[in-house]
Amino acid sequence: VAKIHKPNADELKKIKKGALLVSLLEPYLKDGTLESLVQAGIDSIALELIPRTSRAQSMDVLSSQAGVAGYRAVLESSTHYGRFFPMMMTSAGSVKACKFCILGVGVAGLQAIATARKLGALVEAYDVRPEVRDQIISLGAKPIDLDIGESGSGAGGYAKELSEEAKKKQQAALAEKLKGFDIIVTTANIPGRKSPVLVTEESVKGMRAGSVSVD
């Protein structure tokens, strides 16, 4: 059985004992899925645990699905945002360009930047890894620089989890910055960990009416 998303309880009942399941399984979430698979006698391969090597590139489901998510997140935000993305000049006056913020600049974030720029938005982006700054600029966006006292660069190009002190500094610095944006798309992700909370309740309350946030 080959799937994108892991099977739900009803789908698990339909898979026979001894079958092989190939799917995203989110093995780091303790939701009972792995235990259910063991009890049902179903062998499984978690696609997200296949290493990102050149030999396994065609099976890199994380990158392929992240690219889709980044693209779709921008399109979804555009349908909920009640104005144009680009600056529009008319005989009745002009409409300012949408101010777009992307948090997390991995595969999903880079795709989101490219898509938002193509639609004419003014884009700024933030990531805890300083090495992605040039990638942000290369796509025509402006990097958001925050001094949080440490780098979030981890092994293999992934982001690593920040210390609690750095997280608080990050949230405080972003809370004020995010108030000026019309649309925020969050893509920040840490392998094997819960995604960091970058848009706090305080940040949301500070955003103007009609603004959009896509997680």
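Helices (H or I, at least four residues) and strands (E, at least two) are DSSP runs here, numbered from the N terminus. What you are looking at is a predicted model, where local features need pLDDT of at least 70, side-chain atom pairs count only at pLDDT 80 or more, and totals for chains, interfaces and linings use all residues. Residues are numbered from 1 along each chain as its sequence is written, and side-chain values use heavy atoms, with hydrogens and water left out.

**View A. S63 in helix α3.** S63 sits in α3, residues 61-80. Its side chain makes a polar contact with the side chain of D60 at 2.7 Å (N or O atoms within 3.5 Å; within protein, one able to donate a hydrogen and the other to accept it, and residues adjacent in sequence counting only if both atoms are side-chain atoms). Beyond four places in sequence, S63 is in contact (heavy atoms within 4.5 Å) with R52 and V107.

**View B. L24 in its loop.** Look between β1 (20-23) and α2 (33-39) for L24. L24 counts as buried because its relative accessibility is 15% (buried means under 20% relative accessible area, 1.4 Å probe, protein chains only). I4 is 20 residues away from L24 in sequence, yet their C-alpha atoms are 5.8 Å apart.

**View C. The largest nonpolar core.** This core has 21 residues, and F85, F100, I102, I113, V123 and I183 have the most contacts inside it (a nonpolar core joins buried Ala, Val, Leu, Ile, Met, Phe, Trp, Tyr and Cys residues through side-chain atoms within 4.5 Å). Helix α4 supplies the largest share, three residues.

Note on methods: Buried means under 20% relative accessible area, exposed over 50%, partly exposed in between (1.4 Å probe, protein chains only).
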